[in-house]
2 protein chains.
Amino acid sequence: MSRAGRGHDPVSSAPTPAATNEGIAEPLAVEELGSFHIGGREATLSGLDTRELRVTPAAPAIEIDPNGEFEVEQMYVQYVRLASPRARYPLLMWHGGGLSGVTWETTPDGRPGWMNLFLRYGHDVYVSDAVERGRASWARFPEIFATEPFFRSKQEAWEGFRIGPSWTGDPGERIPYPDSQFPVASFDRFAKQLVPRWATNDPCTQSAYDELVRHAGPCVILAHSQGAVFALRAAAAAPETVKAVVVLEPGGAPDPRHEDISAMRNTPVLCVWGDHVEDHEVWSDLRRSCERYWHAQSDQGGIADTIDLPEEGIRGNSHLIMMDRNSDLIAARVQQWLESRGFMK
Amino acid sequence: MSRAGRGHDPVSSAPTPAATNEGIAEPLAVEELGSFHIGGREATLSGLDTRELRVTPAAPAIEIDPNGEFEVEQMYVQYVRLASPRARYPLLMWHGGGLSGVTWETTPDGRPGWMNLFLRYGHDVYVSDAVERGRASWARFPEIFATEPFFRSKQEAWEGFRIGPSWTGDPGERIPYPDSQFPVASFDRFAKQLVPRWATNDPCTQSAYDELVRHAGPCVILAHSQGAVFALRAAAAAPETVKAVVVLEPGGAPDPRHEDISAMRNTPVLCVWGDHVEDHEVWSDLRRSCERYWHAQSDQGGIADTIDLPEEGIRGNSHLIMMDRNSDLIAARVQQWLESRGFMK
């Protein structure tokens, strides 16, 4: 590959249709902007030793008592309600693993994120931080969260999110895929979004998402990566409420050989895949397992659509489709699908 | 005190003037809504042992390698820019200790928070999560953050935030001040906002705030509690940029006997105090130390205003003024001050 591809944004190869920027210059008429926490429970810690903590070696010790009652396992939700939404239902935007709702905001290179784009398309939006992430807060471990958290390194993000095939640790030697759509010059800025995660919080996370769906009422879910599993399960648990599920680069899906998905028969699902899936063992395996769900949904007469970007000639999308340089284009494709399936007024 | 005060919202004693709700029913014309991370650095971890982690005892082990490169010590900023701001400068809203930018959003009992109110008053707003809090993310300790975090218990919040004089741990026996303005029936919902904090991250937090000020340009800072110290220091470091500082219930202030505050001579400062300060040893000490700063600012010819709510007959405000049942009224008072000091167009 050429040196030009290293550490710089290659010139965009996919033109952005004018339609995707429609209305971006017009002010957005916002009815209400707000937030809430949902889910969770009270936990009580007792019998733990107090500790002394010094801000500097010379400073007086502060005594820290870790005991008491705490709210834990809640999630955070920020919503923007439009004065005149054109979508039939609000759009619940669920992030992926090691990330937070920031996923949907301004892209790392400073363009409007999907939160903005879907507001512009006329959707009320609910952007959440799952249990343990971002503004949801997190709890002491191992007393409340059973295990210790883990932190995604930049190398893991670069390779695992399929920005490029390799990483030597030297900024000049981060090798992106030659056709990468990720704004690679802004990768470090993206890395500031990464948040620690736990491997053992899926049950309380699912429970908080389920409660969010009940609270929101009739809705469409848009989920990225790890969020896809939570979304498909939340939809199956509330098929009258969740009207459709769009997943970007799902990090998994319920296995229809072991999990009853018949409740999904009337819930259209759309899956969007980026590029270089087959170059990556973990992702090619994950895609095969997700496709089992899509086939089962189709076999039971449900709507199971897929946008395979490279198959349509759109090359180089990473796992972080909503941040890629052609993110407007992909948002427009998702919006077209929502329109075609009757989710706009 | 009467049983009626326990665990229930007492009837509001302070009428909310109609003026504070002016325009709340009108859609807000938003030019742009977005976010970014600012500050921080790259940290490298090496030589740490990998660990095995099991999601359930029967599950296959996941190998966790804690080594690598990470972005750390950044902060998160969400902004809302209006189509036609009436304020001269954007309002930077900085939260207090153990909290995040959620402080400024919807109140725990579901009313519009100060983020909304000041947008309605015509200010562009930047709501941040400081280093280590909320969407700013946090870093492994003790390798990157030097100490372990601590978690505020509900009892510490109830008593330390001056919602009530005592707490027995039983929800029926949470004793609020008889005149408490805090929406006590929503206290558990408030407790879901609490995030862990570190005692040893002040230098990188100040640095990120200073960078935010440089990025934002001419601005007014509104800071709560712990945020006040960062705000007063950021203003002294950039007196041409920070045009005014409003602090609610400051958790401290630079000591003018040891710190040069002459740069603040042309920067108006306003301080707002709630009730029951003198009933609480920590807070009465803190208030006296903050007043030293206010006196010094006044002595050097600067503008050093104070709104002492109980002195004006407004009783029962907690440390969490922006969430109290009369928060609209106090926001209106702050807005009047900004208008009177020439910060509106």
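The dialogue below concerns helices in this predicted model.

Q: Which residues of helix α4 of chain A and helix α5 of chain A make the contact between them?

A: The general idea is that an α-helix has 3.6 residues a turn, so residues three or four places apart point the same way. In this model, the axes of α4(A) (residues 202-216) and α5(A) (residues 226-237) come within 10 Å and cross at roughly 55°. That angle makes α4(A) oblique to α5(A), and the crossing is right-handed. On α4(A), the contact is made by A:Asp202, A:Thr205, A:Gln206, A:Tyr209, A:Asp210 and A:Val213. On α5(A), it is made by A:Gln226, A:Val229, A:Phe230, A:Arg233 and A:Ala234.

Q: What classes of residue take part in the contact of α4(A) with α5(A)?

A: There are five nonpolar, three polar and three charged residues.

Q: How many residues of α5(B) are buried?

A: A residue counts as buried when its relative accessible area is under 20%. Nine of the 12 residues of α5(B) are buried, so this helix is largely enclosed by the rest of the structure. Among them are B:Val229, B:Phe230 and B:Leu232.

Q: What covers the buried residues of α5(B)?

A: The cover includes α4, α6 and the strands β5, β9, β10 and β11 of chain B.

Note on methods. Residues numbered from 1 in each chain as written. Chains lettered and ligands numbered in written order. Predicted model: local features only at pLDDT ≥ 70, side-chain atom pairs only at ≥ 80, totals over all residues. Heavy atoms only, no water. Axes fitted to C-alpha atoms, helices over the stretch in contact; angles between N-to-C directions. Helix = DSSP H or I, 4+ residues; strand = E, 2+ residues; numbered from the N terminus. Parallel < 35°, antiparallel > 145°, perpendicular 65-115°, else oblique. Left-handed = near helix turned anticlockwise from the far one by under 90°. Contact = heavy atoms within 4.5 Å. Nonpolar A, V, L, I, M, F, W, Y, C, P; charged D, E, K, R; others polar. Buried < 20%, exposed > 50% of the residue type's maximum accessible area, 1.4 Å probe, protein only.
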